[in-house]
Amino acid sequence: MRSEGGIIIDVGKMEKNIVIGIEGGGTKTRAMAARVDGSSIGYAETGCSNPNKDDRAQENVREVIEKVLQAAGAGPDEVIGLCAGLSGLESEQDLAWAADFTDVPGISCPKRHVNDSTVAHAGAFVGEPGIIAISGTGSVVFGINEYGRLLRNQDYKHYAGAARHLSYECVHRIIAGCAERGDGSLLEEVLSYWGVSSIGQLNELGAGGFAKSKYEQMRLFGQMAPMVTRAAAEGSPLAAGVCMQLVQALDVGVRLIGAGFEADNVQVAFMGSVIRDPFVSHLLTERLQRNGAKRYRIIEPRLSPPAGAVLLALRECGAPADEQVLARLAME
């Protein structure tokens with residue numbers, strides 16, 4: 001393998017007939033090309049694929065397909081299966097724009113379009129029942145139970161919160177005068193981040209919406225989240241309280257979905273920059289392991305989300321996915 005312009009190139013011999021798996025999130029879109037035996041032969045990344053968050057979402061998805069084909073040294077006519085997990089795909093109506101996003105000339109294979117949480121679940125559990133809790137750029141608690149039923153927290157009108165929500169709550173509490181003596185470093189860092197010198201100026205910035213556009217506002221708050229989790233770990237009472245609020249919502253979300261499982265022991269995987277932050281992950285793991293109607297076992301995902309998309313692409317075109325194939329995908 002070698003890297004050219006951010007694209008990973010396989011210089012070895014490549015068999016024809018490949019599949020492409022895409023994980024399109026709110027920050028970046030990742031694509032993996034693999035042979036039908038599970039061997040990864042190309043990888044590429046572009047920007048956000050959610051049309052609700054980025055005006056270039058369509059271009060980013062089409063570009064990542066072209067880049068991963070280049071990385072694999074393959075032509076579009078060699079693709080026999082494609083699965084795209086796209087953030088923002090929430091209903092039957094969304095399938096129209098999703099299909100348009102992957103409409104790259106020369107690719108005429110079976111395609112499957114799903115939400116990005118579906119490919120994350122496929123990677124984490126490779127077909128077994130389980131719950132995946134995602135909190136990063138976006139957020140969802142998503143489960144597939146023993147009977148193959150899909151369960152999502154938003155269907156219950158529950159939402160746990162993502163990176164930007166963590167930052168919103170932090171900034172709102174600062175403006176509201178909730179900062180304590182132990183929050184000095186956090187306060188200083190937040191003011192510097194927003195380019196102001198006082199809470200009064202931060203208040204004025206907030207009254208104007210914080211940024212010129214909705215997308216810019218979401219981006220800025222999303223990028224601020226590591227500041228909050230780091231401050232919580234360092235002892236800031238305000239940041240710790242904000243993180244605990246998010247953890248409590250995630251805990252409820254997991255248990256809400258867990259109620260739809262028959263088993264008393266349920267597997268749970270964490271994905272996303274916020275939920276996998278050591279401070280947040282530790283708090284949530286502790287809460288989930290407290291006494292309750294069910295026991296939740298935290299596991300590491302078996303495959304990455306792009307590899308999970310490849311797995312679904314293999315199934316879409318009828319290619320076998322045995323343990324050897326899964327072992328190769330895990331090496332991605």
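**Loops, rings and pockets**

Mentor: Lysine 157 lies in the loop between S10 and H4. Helices (H or I, at least four residues) and strands (E, at least two) are DSSP runs, numbered from the N terminus. This is a predicted model, in which local features need pLDDT of at least 70 and side-chain atom pairs count only at pLDDT 80 or more, while totals for chains, interfaces and linings use all residues. Residues are numbered from 1 along each chain as its sequence is written, and side-chain values use heavy atoms, with hydrogens and water left out.

Trainee: Is lysine 157 buried or exposed?

Mentor: Lysine 157 counts as exposed, because its relative accessibility is 75%. Buried means under 20% relative accessible area, exposed over 50%, and partly exposed in between (1.4 Å probe, protein chains only).

Trainee: What is the phi of lysine 157?

Mentor: It is near 65 degrees, a positive value in a residue other than glycine. Most residues other than glycine have a negative phi. Phenylalanine 210 also has a positive phi, near 75 degrees, and it lies in the loop between helix H6 (199–207) and H7.

Trainee: Is phenylalanine 210 buried or exposed?

Mentor: Phenylalanine 210 is buried, because its relative accessible area is 13%.

Trainee: Turning to the rings, how many aromatic pairs does the structure hold?

Mentor: The structure holds six aromatic pairs. Rings of Phe, Tyr and Trp (its six-membered ring) pair if their centres lie within 6.5 Å; planes under 30 degrees apart count as stacked, over 60 as edge-to-face and the rest as tilted. One of the pairs is tryptophan 97 with phenylalanine 101, which is tilted, at 4.8 Å centre to centre and 55 degrees between the planes. These two residues are separated by about one helical turn, because they are four residues apart in helix H2. Both tryptophan 97 and phenylalanine 101 are buried.

Trainee: And which kind of pair do tryptophan 194 and phenylalanine 210 form?

Mentor: Theirs is tilted, with 5.3 Å centre to centre and 50 degrees between the planes. The pair links distant parts of the chain, 16 residues apart, with tryptophan 194 in the loop between helix H5 (184–193) and H6. Tryptophan 194 counts as buried, because its relative accessibility is 9%. Tyr168, Tyr193, Trp194, Phe210 and Phe221 form one aromatic cluster.

Trainee: Now the pockets: what is the volume of the largest pocket?

Mentor: Its volume is about 1,400 Å³. On a 1 Å grid over the protein atoms alone, a pocket is an open set of points where a 1.4 Å probe fits, with protein on both sides within 12 Å along at least five of seven lines; lining residues have an atom within 4 Å of a point. Volume here is the space filled by probe spheres set on the points, which are joined across faces, edges and corners.

Trainee: Which residues lie nearest its centre?

Mentor: Of the 50 lining residues, Gly26, Thr27, Gly136, Thr137 and Gly138 lie nearest the centre of the largest pocket. The largest share of this lining, eight residues, comes from H7.

Trainee: And how much space lies in the second largest pocket?

Mentor: About 470 Å³ lies in the second largest pocket. It is lined by 23 residues, and Arg112, Val114, Thr118, Phe142 and Leu150 are the closest to its centre. H3 is among the elements that give two or more residues to this lining.

Trainee: How many residues of H3 are buried?

Mentor: Ten of its ten residues are buried. Valine 126 follows H3, and its phi is positive, near 40 degrees.
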